[in-house]
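Open the model in your viewer and keep the sequence panel beside it. This tour goes from one selection to the next and says what is there.

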Amino acid sequence: MTDGIQKSYMWLVNAYTSVGKTFFALNVIVSALRQGKRVCLIALEMDRENLAARIIGMMSGTNAISVMKGYNITSESEMNAKAQLYDYDLTIHRKKRYLDEIMQTFYSEHFKKPVDLFVVDYLQHIKVKDARSRYDRFTDASNEFQDFAASTGVPILLLSQIDNASARSGNSDVIATKGSGDVPGDADVAILLQYDKDRKAAYQNHIKAINCVVQKQRNGVTGKIELIMNTKSGRFDNAKNYAQHV
């Protein structure tokens with residue numbers, strides 16, 4: 001539907017708490033790494049060990065908690081995944097919370113070696129010095145990201161929460177970024193990840209039913225894609241491939 005992640009685009013991925021936006025981003029990251037791309041992740045919520053365990057679990061098909069605790073340390077699939085992750089060109093920055101620090105990291109990382117994709121997890125944790133309000137804080141961050149993507153050609157995947165009212169209503173027609181600002185207007189692609197209660201009954205307990213709603217696309221179509229998320233491995237997949245996850 002999107003023809004992949006285009007150069008210079010800023011992607012906005014909205015979701016309510018615990019729907020799976022970080023896992024969604026990690027699926028995109030793993031896909032990019034497997035294509036030989038260089039990825040830089042600004043992690044404002046999870047630590048490196050947790051993120052690495054999730055990626056290894058995703059690549060090997062094992063549970064991230066098991067990876068962290070070393071339960072499958074001799075598993076061939078897990079050992080292979082660890083070796084692959086070691087060789088991949090992934091950089092994770094953990095202690096960059098202020099916008100000026102994040103932008104400095106963007107430019108310094110891209111100067112050292114061209115980056116193919118920046119990922120920010122997530123918008124509501126970004127701080128801006130002297131910001132007058134949360135609205136201004138998010139607007140400043142969004143404008144800086146859009147300018148960077150446009151000037152360098154490097155796409156940015158920005159994760160964000162949606163507001164409580166939109167989460168309760170289940171409305172997918174409005175781009176309801178929490179705190180908003182200019183974020184929806186700046187985004188080239190806006191996606192809503194939404195838990196699908198109606199489909200859940202057809203799946204086993206370790207499968208989440210997620211709708212990926214492309215709400216906005218600068219030069220393309222919009223619409224809904226029915227996905228599933230395997231909560232054991234964190235893998236996202238098309239709902240039609242459910243049988244492969246049983």
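**Stop 1: the start of the chain**

Select Asp 3: at 70% relative accessibility, Asp 3 counts as exposed. Here, buried means under 20% relative accessible area, exposed means over 50%, and partly exposed lies in between, with a 1.4 Å probe and protein chains only. This is a predicted model, in which local features need pLDDT of at least 70 and side-chain atom pairs count only at pLDDT 80 or more, while totals for chains, interfaces and linings use all residues. Residues are numbered from 1 along each chain as its sequence is written, and side-chain values use heavy atoms, with hydrogens and water left out.

Asp 3 sits in the segment before strand E1 (10-15). Helices (H or I, at least four residues) and strands (E, at least two) are DSSP runs, numbered from the N terminus. Check the backbone of Asp 3: phi is positive, about 60°, although the residue is not a glycine.

Move on to Ser 8, also found in the segment before E1. Ser 8 is not a glycine either, yet has a positive phi of about 75°. Is Ser 8 buried, exposed or partly exposed? Ser 8 is partly exposed, with a relative accessible area of 28%.

**Stop 2: the nonpolar cores**

Select Leu 157 and Leu 193. Of the 43 residues in the largest nonpolar core, these two touch the most other members. A nonpolar core is a set of buried Ala, Val, Leu, Ile, Met, Phe, Trp, Tyr and Cys residues joined through side-chain atoms within 4.5 Å. Which helix gives this core its largest share? Helix H1 (residues 21-34) does, with nine residues.

Now show what surrounds Leu 157. Leaving aside neighbours within four places in sequence, its contacts (heavy atoms within 4.5 Å) include Trp 11, Val 13, Ala 25 and Val 28. Leu 117, Phe 118, Val 119 and Val 120 are in contact with Leu 157 too. Another core, of 25 residues, lies apart from the largest one; Met 10, Leu 123, Ala 141 and Ile 156 are among its members.

**Stop 3: a cis peptide bond**

Go to Asp 121 and Tyr 122. The peptide bond from Asp 121 to Tyr 122 is cis, with omega near 0°. Tyr 122 is in the loop between strand E4 (117-121) and helix H6 (134-152).

**Stop 4: salt bridges**

How many salt bridges does a search of the whole structure find? It finds nine. A salt bridge is a side-chain nitrogen of Lys or Arg within 4 Å of a carboxyl oxygen of Asp or Glu.

Begin with Lys 82 and Glu 78. Their closest N and O atoms are 3.2 Å apart. Both residues lie in helix H4 (residues 76-87), four residues apart, about one turn of the helix. Lys 82 counts as partly exposed at 27% relative accessibility, whereas Glu 78 counts as buried at 0%.

Next, select Asp 89 and Lys 113, whose side chains meet in a salt bridge (2.6 Å, N to O). This pair links distant parts of the chain, 24 residues apart: Asp 89 is in the loop between H4 and strand E3 (90-93), Lys 113 in the loop between helix H5 (99-112) and E4.

Then pick Lys 129 and Asp 100, joined by a salt bridge at 3.4 Å, N to O. Lys 129 lies in the loop between E4 and H6, Asp 100 in helix H5, 29 residues apart. Lys 129 is exposed, with a relative accessible area of 54%.

Last, select Arg 38, Asp 89, Glu 109, Lys 112 and Lys 113: salt bridges that share partners join them into one network.
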